[in-house]
Structure formats: C-alpha cells, structure tokens
Amino acid sequence: MPASLKPGVVWGDSYKTLVKACKEGQYALPAVNVVGTSSINAVMEAAAKNKADVIIQLSNGGAEFYAGKGCPDSFQAKVLGAVSAARHVHLLAGYYGVAVVLHTDHANKKLIPWVEALLDHGEKFYKECGKPLFTSHMLDLSEDDIDFNLSESARILKRAAKIGMSIEIELGVTGGEEDGVGSDDVDNAKLYTQPEDCLKAWNALSPIGHFSLAASFGNVHGVYKPGNVKLRPEILKSAQDLVQKTHGTGKNPLDLVFHGGSGSEKDKIAASLTYGVFKMNIDTDTQFAFAEGVGKFVSANEKAFKYQIDPDDGAPYKKLYDPRKWLRQGEEFLIKRLDEAFADLRSAGRSLCAGGKPEKKVA
Ligand SMILES: [Zn+2]
C-alpha cells in the first residue's frame, strides 16, 4: 500500500515520500508554470478533480508578473512575486485535499541572486512557520561548464538542505527557449546528457541533500512541427544504470525531470516514466489552453467586448464582460488540458492524500 500524506505543500521527508511513490508506481506529476491566482487555483482544482498530486512552479518572469508588471523594481518583483505566490499556495493547498510541490523554474548564472534572495525568504519563513516556503528551487547552470555547475549547485544545496529543501539541477541543454533562458543554437551533442555527467552529479550532491536532475534526451521547450525533435528516453536509462552499477544502489536512483513536455510524443512520455522521471514540466500547452478558452469566449460574445450595452437593442453585457466569466473559461480549458496531462503521466487517481480529508478548520 502506498504511503499517505497530509494535504498541503510537501517538503523534506514528505517530498521524498512523494517522489519515491511516483518512481515506484511509474507515474509522474505535471509541473505547471503559473502566473497568477487564476492559474494557480485552476491547477489545484485540476489536481483535486483528478485525485492527483501536482507541482506548481514559477519562472522568474512568472514571479515578476505575479508581483505586477508595474512593480517599480524588477528584481524585487521577481522575488516578492514568488514569495507571494508561495504563501497563496501554502494557505489554500490543504483545502484542495491534495499534495502540492512548490517549485521555481530555470535560474541560470545571472539568476543565482534570485534563488539566494528566495532562500533568504525561505529561511525567514522556516523560522516563523517551521517549514520552508518552497519545496525546491531549480538551478540551471547547464550553459556553464560542469565543474562550475556542480560546485555552485552544491553550495546552494548546502544552504537549502538546512531548511528541508531540495534543488533541481540541469545537465545537458534543453533545446528551445523558456522565459529568456536557453537558446536555439546549441550543439546537438549537448541535447543529450552524458551518463558520466549524471554520475558526477550524484557523487557531488547526494552526500549533501536531496536533488533532482533535469537530464536532456532531445527534449525541447515549446511546441514544434513533428519530426523536429528526436526524443531518446533510453539515455535516461543509461544514466540510471551507471549510477546503480557504480554505487550499488537500487533501480533508478536518480530523481529525473522531463523538461519541454508540451507537444511530446505520448509513447516517449510513457517510456520516460519507466526510467525514473517523476516530474514533467508543462508550460506551452497550458498557456495555449488558457488562451484558447478566453479566445473562444471573446469570439462567441464579441459585442460584449466592444459595448457595455448593445447599441441595437440596449441589452446590458455586464454578465459577459465580468472578468470572472472569461477568466473562468480560461481556467476551465487549462483544467481540461491538465486532465490529459494527469492521464498521460498516469498520476490520475493516485494522490497520496486520497486517504485523508481536506482541511476543514482554519489553520
Ligand atoms: Zn525547462
């Protein structure tokens, strides 16, 4: 029988329990990029509807948007937006009755100060509440050489582990671009992570604390024409086998992350689940779903977006231009896309909180 967890944000041991259950059960959780309360609530609603646990994450740009594009200090907006979003999730996740992993997305060398500022807030929150603000931060130094990547990751992990946090690192390069991080002109060999590099990461980081690894197996951010991307999930298996053989661990010792999940072939997603992938990032497809919902609503009710009152028959349109109407349709389309993601990743119906009841009392 799988372990059971209390609904709410997981961290430390509860996070490790969740990752272990995913890998043993060969399913993964969608990690959905959010930009505001509307997308965050839709993700939690979709998880509750699918009786699945879920990962909510913010890119630096998403965090900045959460704080407000007009916020006078862009760096502070990236920090405070992420803090604000995390506090929103901490307050509500328990009521949705599922386990939520709180994550930040790609942070390259220039964004290390962003991660460090979030750790400042995380430490403060830990002192106040006895838990960290985020479950895990991602540090993506894959554009730098591997020694720098691993020594910086080790430095950050040392600090994060003290407050029960994990980090995600990246080896090799995910093609395409995500929120200004990444590039289109990478050398093809770098699109496939070397198993030896994964072993190096294991050696450097596993003695310090928990980490997950975004390994590249031909994955690309964004959605491209079919045939443009050659996914080779067997690369993940080679990395797992090398660590297992070298250290005599159990099967699939690495906790792997699949970036660029949008638009990927379903059979390649299924294969990656057998090789220790527990997290699949999805952004492009959920962005489109939200936009499609809003777009359909606007096209179906065009006049309500031009006139407050119908110029011909004087009918009031307030009930249609009310943002709760069209934002809700965006949320509903996002939820529908996540129904598909939970099914593809085999996580529907497998929430570790299924035995528990949602929080009833005010904390
Ligand atoms: Zn990514």
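Helix H2 covers residues 37-49, a run of 13 residues, where helices (H or I, at least four residues) and strands (E, at least two) are DSSP runs numbered from the N terminus. From its first C-alpha to its last, H2 reaches 18 Å, close to the 18 Å expected at 1.5 Å a residue, the expected span being 1.5 Å times one less than the number of residues. This is a predicted model, in which local features need pLDDT of at least 70 and side-chain atom pairs count only at pLDDT 80 or more, while totals for chains, interfaces and linings use all residues. Residues are numbered from 1 along each chain as its sequence is written.

Which residues of H2 are buried? They are Ser39, Ile40, Ala42, Val43, Met44, Ala46 and Ala47. A residue is buried if 20 or more other C-beta atoms lie within 10 Å of its own, exposed if 12 or fewer, and partly exposed in between, with C-beta atoms placed from the backbone. Their cover includes strands S2, S3 and S4 and helices H4, H10 and H12. After H2 comes Lys51, with a positive phi near 50°.

Now let's turn to strand S9. All 6 of the 6 residues in S9 (277-282) are buried, so this strand is largely enclosed by the rest of the structure. S9 pairs in the parallel sense with S2 (residues 29-33) over 4 bridges; two strands pair if DSSP finds at least two bridges between them. Here Val32 stands opposite Ile282. S9 also runs parallel to S8 (residues 256-258), joined by 3 bridges, and Val257 stands opposite Lys279.

Methods: Two residues are in contact if their C-beta atoms, placed from the backbone, lie within 7 Å.
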